[in-house]
Amino acid sequence: MVYDCLIVGGGIAGLQAAIQLGRYKHSVLVLDSNDGRSTICRSYHNILGYPDGVSGQELREIGKRHAESLGVEFAFERVEQAQKTSEGFEVTSDNGNKYSGIRILLATGVMDRIPPFPELMPCLGISVYVCPDCDGYEVKDKRTIILGSGNAGASMALTLSYWTNDLVYINHEKAAVNQKLMEKMKEKNIEYIESAIQKVLAEDDKFNGVLLERGKEVTGDRGFIAFGGNEVKSGLAKQLGVERLENKHIVTDARSKMTNVKNVWAAGDVAAHSEQVTIAMGEGSQAAIWIHKSLLQEKK
């Protein structure tokens, strides 16, 4: 079968696009590896209609059911290859399965570099955060520990000083910090500790602090992760000849979200560096609208 559109990535942008395309009565296949950023966030707090927060997993489940009710199909496989064909595009999954579509939307997202402390995962989005624009408000006037590395952690600490004056930055990897950043942290009375973290202290989803390598405990009410080096999942775009920035984010047309390669679209965090779930939703819809317009033009 040749689908009207293949959507690679079943996160927030991909699901929103699938819903919109399903409402246009197009044949759509969403290919999802089910390990995106939204799978690990236990609660988003800045989304219209969810004042008490909603987990990424719940949003994904709601979105999948909605899309399926509109005839959208899903395959839970990781796409490893993508190429242009005479009909449009063909992708190959890690299982060796091949799928074809007239259009393709890349909604593959990004993934934060999160240290391998198992205690962190239940806390993400509830008492430990990664995005100050999404969740800086959640640390307002609370003692907050930044678990980070080098300049990335220092910059996060300075950003969070807008919301709280009680900050500790633990440079877990002991990477060098720019002298100007060090001076600014000192001006803001941000405590700086250069030490490896031995263990994260948490009770279920409640972050309590960290245990350092020499046995010292540093306690806090909230945590923020800032290690830098997030993975931008745009490898498939490169295979298709799509233009990318130096940071590997995909370049798209501001109006349509189409890339420089005809009939290849991109939406969500892989394209927009603002990395907001609400923007991902909007871009998913925006891309879908223009994919629909392009399909209509072809059928005339």
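This section describes the sheets, helix packing and selected residues of a predicted model.

Strand 10 (residues 167–171) is mostly covered, five of its five residues being buried. In a regular strand the side chains alternate between the two faces of the sheet. In strand 10, Leu167, Tyr169 and Asn171 point one way, whereas Val168 and Ile170 point the other way, and all of these residues are buried.

Strand 13 (residues 206–212) runs antiparallel to strand 14 and is joined to strand 14 by three bridges; Leu211 has Glu217 as its bridge partner in strand 14.

Helix 1 (residues 12–23) packs against helix 2 (residues 56–69) at an angle of about 20°, and the axes of the two helices are 9 Å apart. Because angles under 35 degrees count as roughly parallel, helix 1 and helix 2 are described as roughly parallel to each other. The crossing in which helix 1 passes helix 2 is left-handed. On the side of helix 1 the contact involves Ile12, Leu15, Ala18 and Ile19, which meet Leu59, Arg60, Gly63, Lys64, His66 and Ala67 in helix 2. Classified by residue type, the contact of helix 1 with helix 2 comprises six nonpolar, two polar and two charged residues.

The other pair consists of helix 4 (residues 150–160) and helix 5 (residues 179–187), which pack at an angle of about 30° with their axes 10 Å apart. At this angle helix 4 is roughly parallel to helix 5, and the crossing of the two helices is left-handed. Helix 4 contributes Asn151, Ala154, Ser155, Ala157 and Leu158 to the contact, while helix 5 contributes Leu181, Lys184 and Met185. The residues in the contact of helix 4 with helix 5 divide into five nonpolar, two polar and one charged.

Most residues other than glycine have a negative phi. Asn34, which is placed in the loop between strand 2 (28–31) and helix 2, has a phi near 60°, a positive value in a residue other than glycine. With a relative accessible area of 42%, Asn34 is partly exposed. Asn189, in the loop between helix 5 and strand 11, likewise has a positive phi near 60°. Its relative accessible area of 64% places Asn189 in the exposed class, because that class begins over 50%.

Lys299 lies in helix 7 (residues 277–299) and is exposed, with a relative accessible area of 58%. When residues up to four places away in sequence are not counted, Lys299 touches Asp4 and His26. The C-alpha atoms of Lys299 and Leu124 are separated by 46 Å, the two residues being 175 residues apart along the chain.

Technical notes:
Residues are numbered from 1 along each chain as its sequence is written. This is a predicted model: local features need pLDDT of at least 70, side-chain atom pairs count only at pLDDT 80 or more; totals for chains, interfaces and linings use all residues. Side-chain values use heavy atoms; hydrogens and water are left out. Two strands pair if DSSP finds at least two bridges between them. Helices (H or I, at least four residues) and strands (E, at least two) are DSSP runs, numbered from the N terminus. Buried means under 20% relative accessible area, exposed over 50%, partly exposed in between (1.4 Å probe, protein chains only). Contact means heavy atoms within 4.5 Å. Axes are lines fitted to C-alpha atoms, for helices over the stretch in contact, and angles run from 0 to 180 degrees between N-to-C directions. Angles under 35 degrees count as roughly parallel, over 145 as roughly antiparallel, 65 to 115 as roughly perpendicular and the rest as oblique. A crossing is left-handed if the near helix is turned anticlockwise from the far one by less than a right angle, and right-handed if clockwise. Ala, Val, Leu, Ile, Met, Phe, Trp, Tyr, Cys and Pro count as nonpolar, Asp, Glu, Lys and Arg as charged, and the others, Gly among them, as polar.
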